[in-house]
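Ready to learn how to read a protein model?

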Amino acid sequence: MKLPRKSGILLHPTSLPGTPGIGTFGKVARDFVDFLANSSTRLWQVLPLGPTGYGDSPYQSFSTFALNPLLIDLDDLVERGWADSTDIQIPEYIKTEGNVDFGSVVYWKVPLLNSIASRAEKLGGAQFKKEFAEFESKNDFWLTDYALFMSIKTAYDKDGMWNKAWPKELAGRDQAALENWQKKHAKEIRAYKIIQFFAYTQWTSLHEYANASGVEIIGDIPIFVSPDSADVWANQKFFQLNKNGVPKVVAGVPPDYFSPTGQLWGNPLYDWKALKEDNYSWWIKRIEYNLALVDYIRIDHFRGFDTYWAVPYGAENAVKGKWLKGPGIAFFNELKKQLGELPLIAEDLGIITDAVRVLRDKTGLPGMKILQFGFDTAEFSSGALLNSFLPHNFTTTNCVVYTGTHDNDTTQGSLNAMNDECLCLVASYVKGRRVECDEAWAMRSSGELCRSLVSACYSSCADFAIVPEQDLFGFGSDCRMNTPGTGHANWSWRMRSDMLYGPDADSKTAWLKELNILYAR
């Protein structure tokens, strides 16, 4: 589909300020939508919204359909009459400002939500029961499996995943065993469903509010799902697993300049033949369901639809993998046949072959351009910057340009780490003339260089221009969202309340509005 010319801000809801422990789907999220609308910003990009496990990564979720319970707003539950304010006690160790401490939030909020869920039907009365029954019926294709998975997981896999720690009859989905478990654990299974109803109701309300304010939401779907998920457990025939549910091969990327042993992600790989024989039904449901939650979807690791790197399960690294053929254009043709033209964005970063580019172009999906990737100092002395990530080299408007993504350092952090040659290159690019070191240093330290790169995004021909919240404020590396390949201190950054309320927020509103008017976004 042809994208309209718009701009947006990348900010995951966990990073919203002013609520206990973590950002939520509540009032502050609406205030952020108001901030966007007031600045004529028409897009809000988020990361995957699913419930996270070990490592807190939104790209390793317990379900591709469920929403993260930690994002439920407690005040909203009270306002709806589904919870009692006297039951919501905030411990001293839970703060409303500062980065997210996921361990503390989980320790406090999960039991509290379970307690609220146990009483919600009584407090909410007939109307609650009616709305919950409608939600349960509409979402039964994933909801029961998710609730079952979480219930069994709580009991058994404290020391390992479902395919190793659970009793074989439950791991293998023996029907009699599952029915028996449902009878014995009916209350907790229902609580998991009710908590999802809380999250779904709040997110849907927020999404509707955003749309009514002229703001659309870009969601995110990882191509692969977590091995520790209801998705794999409930759909084992669609993955390359052995009879015990253990993967035969797992996802990763091969060795390259940045990593001599490659990257071993560990996600189970799809059995694309089995999916094709079923007309890609699971993927169709996945896309259709998520498009009811958001307006556009970015598909992470798009290149995996062409070929994917398969590593033998149990390997220490990704060296001994091999390329296997993905579903190719047949998959996207089936998507289009069943769902029509779809508002999808292809994450086409990394080592991209001509075949991947051909697939992207055949689908018509917009790709991504990252300004931080555009500056190659080897080109500086030649006098011609030919890097395809720089705006003057964009060959189509059908793309989405970013200063950086959640996986990059912040733009200011990236500038701070540059050597003099690269820094002068960036400064020369935005100034349109050769800039020497003293001037480049001054531009960096004042924040002018970061602001200029934001402006370069907006002024480009790309249909969508997206800037992370951290780059809007010129924050350094201490505000980075994620450092790929590391397993700690990620995903926890949180904006301050004064970034949303007060003089600094007002100045950013005015600046964004000026950029949007000036560059017709």
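Q: What should I know before I start?

A: This is a predicted model, so local features need pLDDT of at least 70 and side-chain atom pairs count only at pLDDT 80 or more, while totals for chains, interfaces and linings use all residues. Residues are numbered from 1 along each chain as its sequence is written, and side-chain values use heavy atoms, with hydrogens and water left out.

Q: Is Phe375 buried or exposed?

A: Buried means under 20% relative accessible area, exposed means over 50%, and partly exposed is in between (1.4 Å probe, protein chains only). Phe375 has a relative accessible area of 12%, so it is buried.

Q: Where is Phe375 found, and what does it touch?

A: Helices (H or I, at least four residues) and strands (E, at least two) are DSSP runs, numbered from the N terminus. Phe375 sits in the loop between strand 10 (367-370) and strand 11 (399-402). Contact means heavy atoms within 4.5 Å. Leaving out residues up to four places away in sequence, Phe375 touches Leu390, Cys422, Leu425, Val426, Tyr429 and Leu453.

Q: How many salt bridges does the structure hold?

A: You look for a side-chain nitrogen of Lys or Arg within 4 Å of a carboxyl oxygen of Asp or Glu. The structure holds 21 of these salt bridges. In one of them, Arg298 pairs with Asp220, with the closest N and O atoms 3.0 Å apart. Arg298 lies in strand 6 (residues 296-300) and Asp220 in strand 3 (residues 216-222), so this pair ties together parts that are 78 residues apart in sequence. Both Arg298 and Asp220 are buried.

Q: Which other residue forms a salt bridge with Arg298?

A: That's Asp300, with the closest N and O atoms 2.9 Å apart. Arg298 itself has a relative accessible area of 4%. Shared partners join Asp220, Arg298 and Asp300 into one salt-bridge network.

Q: How many aromatic pairs are there?

A: Rings of Phe, Tyr and Trp (its six-membered ring) pair if their centres lie within 6.5 Å; planes under 30 degrees apart count as stacked, over 60 as edge-to-face and the rest as tilted. By this rule, the count is 50 aromatic pairs. Take Phe141 and Tyr289: their ring centres are 6.1 Å apart and their planes are at 75°, so the pair is edge-to-face. Phe141 is in helix 4 (residues 140-156) and Tyr289 in helix 11 (residues 281-293), so the pair links distant parts of the chain, 148 residues apart. Phe141 is partly exposed at 37% relative accessibility, whereas Tyr289 is buried at 9%.

Q: What sits over the ring of Trp283?

A: A charge sits over a ring if NZ of Lys or CZ of Arg is within 6 Å of the ring centre and within 35 degrees of the ring normal. Here the charged end of Arg286 sits over the ring of Trp283, 4.7 Å from its centre.

Q: Which residues of helix 13 are buried?

A: An α-helix has 3.6 residues a turn, so residues three or four places apart point the same way. In helix 13 (residues 354-363), the buried residues are Val356, Leu359, Arg360 and Thr363. They cover an arc of only 100° around the axis (taken from the directions from the helix axis to the C-beta atoms), which puts them on the same side of helix 13. The face turned away from that buried side carries the exposed residues Asp354, Asp361 and Lys362.
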